[in-house]
Amino acid sequence: MSFPASRIFFRCDLFPQEFSIVVTLKVPDLPPKKNEYLLTLVAEESDALLLGLRYSPTQLHLLFLREDAAGAWQTRVSFRSAAPTDGQWHTLVLAVSGASFSLSADCGIPLHLTADVPFPATLSVRGARFFVGSRRRSKGLFTGLVRQLVLLPGSDATPRLCPSRNAQLAVLSIPRVLQALPGKPEDNEVLQYPYETDLKVTLGSRPPCTKVEDAQFWFDASRKGLYLCVGNEWVSVLAARERLDYVQQHQDLLTSSETLGIEVFRIPGVGLFAATANRKATSAIYKWTDGKFASFQSLRTHQAQSWRHFTIGRKVFLAVANFEPDEKGQEFSVIYKWSPRKLKFAPYQRIATHSARDWEAFEVHGEHFLAVANHREGDNHNIDSVIYKWNPATRLFEANQTIPTSGAYDWEFFTVGPYSFLAVANTFNGTSTRVHSRLYVWLLGAFQLFQSFPTFGAADWEVFHIGERIFLAVANSHSYDAAVQAQNGSYVLNSVIYELNLTAQAFVKFQDIPTCSAGWRG
Ligand SMILES: [Ca+2]
Ligand SMILES: [Ca+2]
């Protein structure tokens, strides 16, 4: 079976720099020295093997072509005794990121290898063709069975499959026609980019934090504290800024589906509210009533990611970031306004957005702004995010400035003296999570680039003050820093703190917080 690479790579013809290949296969007893190709990517004209996955009785080889000034080099990374050729089903996950290669079989402990030659950052697939089960025509024909073969851009796909009750048949994506085969898929969630599933916020009382919950968030609603599960421990990411003293005891909020974000706010003279952004069709607003949060209003949302409460004069608004289009395929997010007459939130303005992640509301010199983090449009992550300005004449938000972003996840606004800053967290540029996140400063009526920061799937910026000092922290959801990775080869999450240096007029690195499995105890 073969197909042109352009069928998968129709927007961009570069193979991802970081990716995983998930394969479920059954290999018969192979004669010694026999080599069979599971998957190849071949340049049609030159017949060069750009990428290949080859199976032998004792090893699994990943082959790739790397070009440098001296020419093109075929590189091979070999994993010993990957999975036995025992005629049984096995699921392998191969994860590639730069010079780091790992392979896990049946959700077992992964084998890590660091190669001298990293996987190329720019491997062009123009004019190339994929072959499944061969290396063009009959060469090295695969004689086993393949049930699942998935190529995923982004980081290691292992946490998306494992642990699994049936590790040998762990399912990521199985074609419908093959689903009747033995080994029923457990939970066939829509395929998303792996870093997107990394960010899950759970509400309620302290949930378990094990390998399964790794890199997931827990929001402690009663104390407004955000925690990240790292190495079996809940680590405080955002300390409770303002303790809600009147919250006597802990409460679980029952939400209709998985909650991705929560906003707690007060409407003067009315009370305290909490809005939850739920993944399924509706999101909910709760009102603090008789000592607990009670259901107040339900609003139609489309995979809501977050809510933002803000006020303009005495008007109270609530904006939702919708990640998915509605039933008619229209993509937009909605600003709701509190109706003091009806005592409800009512839709006020609809704004076209693209997989919106976050709204940031702020004021500059008495004018009101709203910035949306547009994550991606279709498969394209390199799109504009938009800053809207409140027009007091039309009483609407109008586009004021666009800023190019790459898989934008979060906006953070803050001021230093008379200066207004806006930082964006960029996660992914289509091939890599190694992408700069940027800080802008308000000058002459617009935001201008102030500083760029190297980040790795940046998901969140937070500013905080200690006395007179100003700090900016970024949460990287991925890290490929060689020095940190070398510690034990385990998954490392790196958060970096910068401090504003007034002399240098720049944010300089204050400290790294390496949070690998044993390191960080909050
Ligand atoms: Ca934000
Ligand atoms: Ca933030």
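## Confidence in the model

Over residues 515–522, pLDDT stays under 50, and the model has 18 contacts beyond four places in sequence for this stretch. Here pLDDT is the predictor's confidence in each residue, from 0 to 100, and contact means heavy atoms within 4.5 Å. Residues 240–250 also have pLDDT under 50 throughout, with 21 contacts beyond four places in sequence. For the protein, the mean pLDDT is 81, and 80% of the residues reach 70 or more.

This is a predicted model, in which local features need pLDDT of at least 70 and side-chain atom pairs count only at pLDDT 80 or more, while totals for chains, interfaces and linings use all residues. Residues are numbered from 1 along each chain as its sequence is written, chains are lettered from A and ligands numbered from 1 in the order in which they are written, and side-chain values use heavy atoms, with hydrogens and water left out.

## Nonpolar cores

A nonpolar core is a set of buried Ala, Val, Leu, Ile, Met, Phe, Trp, Tyr and Cys residues joined through side-chain atoms within 4.5 Å. Buried means under 20% relative accessible area, exposed means over 50%, and partly exposed lies in between (1.4 Å probe, protein chains only). In soluble globular proteins, nonpolar side chains tend to be buried together.

The largest nonpolar core has 36 residues, and those with the most contacts inside it are Phe15, Leu38, Leu41, Leu62, Phe101 and Phe119. Strands that each supply at least two residues of this core include β3 (18–26), β4 (36–43), β6 (59–68) and β12 (128–132). Strands (E, at least two residues) are DSSP runs, as are helices (H or I, at least four residues), and they are numbered from the N terminus. Leaving out residues up to four places away in sequence, Leu62 touches Leu51, Gly52, Leu53, Thr75, Arg76, Val77, Leu94, Val96 and Phe101. A second, separate core has 20 residues, among them Ala423, Leu472, Val496 and Phe507.

## A four-stranded sheet

Strands of a sheet pair through backbone hydrogen bonds, either parallel or antiparallel. In this model, four strands form an open sheet in the order β22-β23-β24-β25, and their pairing is antiparallel. The edge strands, each pairing on one side only, are β22 (304–312) and β25 (344–351). On average, neighbouring strands of this sheet are turned by 25° against each other, direction ignored. For such angles, axes are lines fitted to C-alpha atoms, for helices over the stretch in contact, and angles run from 0 to 180 degrees between N-to-C directions.

Two strands count as paired if DSSP finds at least two bridges between them. Strand β24 (residues 333–339) pairs with β25 in the antiparallel sense over seven bridges. Trp338 has Phe345 in β25 as its bridge partner.

Donors are N, O and S atoms within 2.8 Å of the metal (3.2 Å for Na, K and Ca); water is not among the atoms, so sites may look incomplete. The calcium ion (ligand 1) is coordinated at 2.3 to 2.9 Å by Asp358 (OD), Glu360 (OE), Asp410 (OD) and Trp411 (O). Asp358 lies in strand β26 (residues 356–364) and Trp411 in strand β30 (residues 408–416), so this pair ties together parts that are 53 residues apart in sequence. Asp358 and Trp411 are both buried.

Asp410 in strand β30 and Trp461 in strand β34 (residues 458–466) link parts of the chain 51 residues apart. Asp410 and Trp461 are buried as well. Which residue coordinates both ions? Asp410 does, and the two calcium ions are 3.9 Å apart.

## Residues in loops

Thr431 lies in the loop between β31 (419–426) and β32 (434–443). Thr431 counts as buried because its relative accessibility is 12%. Apart from neighbours within four places in sequence, Thr431 is in contact with Leu14, Phe15, Pro16, Gln17 and Glu18. Pro207, in the loop between β14 (201–202) and β15 (217–220), is buried at 13% relative accessible area.

Most residues other than glycine have a negative phi, and most peptide bonds are trans. Cys107 has a positive phi, near 60°, and lies in the loop between β9 and β10 (111–114). Arg395 also has a positive phi, of about 55°, and lies in the loop between β28 (382–391) and β29 (396–406). Cys107 is partly exposed at 25% relative accessible area, and Arg395 is partly exposed at 47%.
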